[in-house]
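Morning, everyone. Please look at the model on the screen, and I'll walk you through it.

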Amino acid sequence: MVNLKINNIPVEVEEGATILEAARKAGVRIPTLCYLKDINAIGACRMCVVEVKGARSLCAACVYPVNEGMEVFTSTPKVLESRRTTLELILSDHNKSCLSCVRSGNCELQSLCNEYGVDQSRFTGATNNEPKDESTCYLVRDNTKCILCRRCVAACRNQQVAVIGPNARGFDTHIGCAFEMNLSDVPCVACGQCIVSCPTGALKEKEEIPAVEAALADPNKVVVVAPAPAVRAALGEEFGLPIGTNVEGKMVTAMRRLGFDKVFDVDFGADLTIMEEGTEFIERLTHGGKLPMITSCSPGWIKYCEHYYPDMLDNLSSCKSPMQMYGAVIKTYFAEKNGLDPRNIFVVGVMPCTAKKFEKGRDDENAAGVPDVDAVLTTRELARMIKNHGIMFTELPDSEFDAPLGMSTGAGVIFGATGGVMEAALRTVVEILEKKPLKKLDFDDVRGIEGVKEASYMVAGKKVNVAVASGLSNAKKVLDAVKNGEKDYHFIEIMCCPGGCVNGGGQPIQPASVRQDIDLRAARAKALYSQDAEMPMRKSHENPAVKELYDTYLEKPGSHKAHRILHTSYVRRGK
Amino acid sequence: MSKIKVSNVPFTGTPAQEQKLREALAELKEIPGGLMPALQKAQEIYGYLPIEVQKIVADVMDVSLEEVFGVVTFYAQFSLNPKGRYKIGVCLGTACYVKGSGDIFEAFKQQLGIDAGQCTEDGKFSLDATRCIGCCGLAPVLTVNEDVYGKLTTDDVAGIIAKYH
């Protein structure tokens with residue numbers, strides 16, 4: 001342990017800790033911009049400078065390691081003046097259109113300028129006026145708001161994708177793609193981890209709110225909405241509720257008040273996914289199909305596999321994602337049952353995800369001859385709509401999803417956290433193969449935020465090896481181990497984003513100062529596991545609405561009709 | 001901030017060049033920090049670093065194309081543009097500059113339709129600014145390959161270009 005003083009406050013921290021971490025322990029907040037815990041620590045922006053007794057110049061607290069007896073001062077006039085100048089220099093080349101910026105009120109640069117009383121720049125000179133990159137259907141980059149902190153670059157490299165980086169040098173430095181290509185022309189997987197890492201408004205999702213509002217205003221459209229499991233675990237953050245608050249009831253009420261004709265639940269789609277994917281796995285396991293089978297719920301992961309591991313496409317489950325299954329069922333089963341023309345149904349998914357915006361436009365995702373899903377809103381966009389409609393979210397009463405496609409089980413709920421799909425699948429697969437009810441429904445080995453989790457289970461006299469990976473760097477490790485023959489897995493769950501969907505690129509953005517203290521992945525996942533524990537039904541195959549769907553329409557899991565409606569295909573994309 | 005202009009000159013690399021590059025990369029990929037020497041070697045072989053070459057480097061060194069491009073565009077020693085058959089170097093050293101070489105440089109840019117560091121699409125002329133080449137008595141001075149021209153005005157530019165056409 002190392003003893004030091006921060007602003008004369010004695011503090012003891014572990015060796016190798018940074019001044020920033022020691023200060024946090026001493027109850028002192030040091031402002032940061034380029035630093036983001038576990039993602040980026042490069043000491044570049046100079047916001048976190050502090051005075052260290054005996055040091056010649058100011059030190060960057062985010063990367064400076066503590067020493068025994070060190071004396072640190074975090075808010076001397078010299079420090080404050082330096083931080084102010086840093087902000088002024090950043091503002092000298094910043095598009096200060098804060099009034100309408102999507103990150104206004106949740107911008108780390110804006111709050112620091114507010115705190116330090118900086119609103120004009122003393123410095124005028126050249127400014128960049130790079131055009132926006134709006135080439136993809138899921139993301140907008142506006143470099144006029146970029147502060148070159150490189151948090152997005154680090155997040156992208158962390159995902160083993162690394163399609164964005166700093167180009168050129170000095171004043172000309174800008175974040176972009178190789179050979180200045182558009183984002184749509186490089187192997188980006190659409191995960192949006194760059195967006196949730198960005199401290200400013202330089203990155204945001206491509207908004208689909210206008211299309212949804214237009215559908216809601218169209219009397220000829222039946223507008224159906226459903227949220228992904230992870231949305232309820234994070235939406236409350238947009239309205240000041242503590243991280244990890246489950247707001248399912250209020251969310252349903254809010255959606256109804258927005259004017260949606262039906263409020264269903266993608267958790268239903270998740271239960272359906274388990275039926276199809278579980279059946280597919282049993283089929284592959286017992287009839288010598290391609291193993292390991294890998295889950296296909298996460299569109300960022302699917303796009304990654306298509307770009308970077310095209311030789312493993314046969315390992316992917318052919319199941320559509322829960323969102324696409326929900327959309328497909330709405331436009332076939334629900335439409336037929338209610339005598340509706342699928343062309344008059346507008347299906348909206350609310351997702352913790354930006355890759356879902358890409359997924360909805362994929363080929364072979366149109367069971368009724370029209371796209372299964374018409375619009376995808378991120379959790380953030382839903383919050384924006386709720387605010388825009390003057391709905392006082394925190395005061396809303398709880399209400400329940402519409403029947404029957406709003407009916408779900410605990411197995412569907414936990415899809416939103418890493419390991420959740422595996423656990424849900426095991427609950428069903430083990431019961432079907434063992435032909436008797438499980439004694440314990442919790443598969444603790446596959447829970448938790450570790451990047452790679454492994455477990456083996458004896459199922460009907462056969463050893464089944466499973467692995468769970470979240471974050472693409474962990475996915476890469478698992479895939480390489482399979483390819484090299486080091487590991488012999490039967491079933492793998494892969495989620496594109498670290499921690500799974502709860503930490504998706506479409507979720508509310510928490511500033512670095514919050515992420516320093518709270519692991520969003522764990523806090524949000526807890527909300528889902530608590531809900532699962534309290535649910536009367538916790539196994540997908542017990543969902544009565546799913547049973548009815550098979551009995552009256554799809555025949556049985558894996559049937560020809562189920563394949564036509566609920567399964568899809570993949571394409572080799574290459575790097 | 002402004003976007004980097006990338007060469008339109010068609011790539012004319014040969015299989016022999018690629019083999020040479022791959023041999024060099026095979027050794028360098030094992031060395032930590034091998035990307036810089038890899039790019040230096042690639043530029044030595046091809047004279048510049050077009051996308052076709054950077055893709056090979058990225059692939060073998062197991063880094064993304066953007067990481068390679070980021071390094072290439074950070075260091076002035078690397079060029080995205082080929083050199084022309086006639087390499088024009090206009091001295092922008094102090095003596096030449098005060099004698100008007102800046103204007104001459106601008107005239108070349110205009111008449112060739114390229115920017116500093118670029119090459120004309122037919123691969124004929126490339127244009128660079130140089131530091132003092134040691135003959136200030138002839139200022140303003142420029143070189144075309146080994147030929148030296150001195151005591152110039154902007155009126156001489158068209159004639160010099162015509163001489164090599």
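Read along the sequence, chain B runs α-α-α-α-β-α-α-β-β-β-α. That gives seven helices and four strands. Both are DSSP runs numbered from the N terminus: helices are H or I with at least four residues, strands are E with at least two.

Some ground rules. This is a predicted model, where local features need pLDDT of at least 70, side-chain atom pairs count only at pLDDT 80 or more, and totals for chains, interfaces and linings use all residues. Residues are numbered from 1 along each chain as its sequence is written, with chains lettered from A and ligands numbered from 1 in the order in which they are written.

The C-alpha trace of chain B spans about 50 × 30 × 30 Å along its principal axes. Of its 165 residues, 32% are buried. Buried takes 20 or more other C-beta atoms within 10 Å of a residue's own; exposed is 12 or fewer; partly exposed is in between; C-beta atoms are placed from the backbone.

Now one residue. K87(B) sits in strand β1, residues 86-91 of chain B. Is K87(B) buried or partly exposed? Partly exposed, because it has 16 C-beta neighbours inside 10 Å. Beyond four places in sequence, K87(B) is in contact with S126(B), D128(B) and N145(B). Contact means C-beta atoms, placed from the backbone, within 7 Å.

Finally, the partner. 18 residues of chain A are in contact with 14 residues of chain B. On the chain A side, strand β7 (residues 165-167) gives the most, with three residues.

Technical notes:
Contact = placed C-beta atoms within 7 Å.
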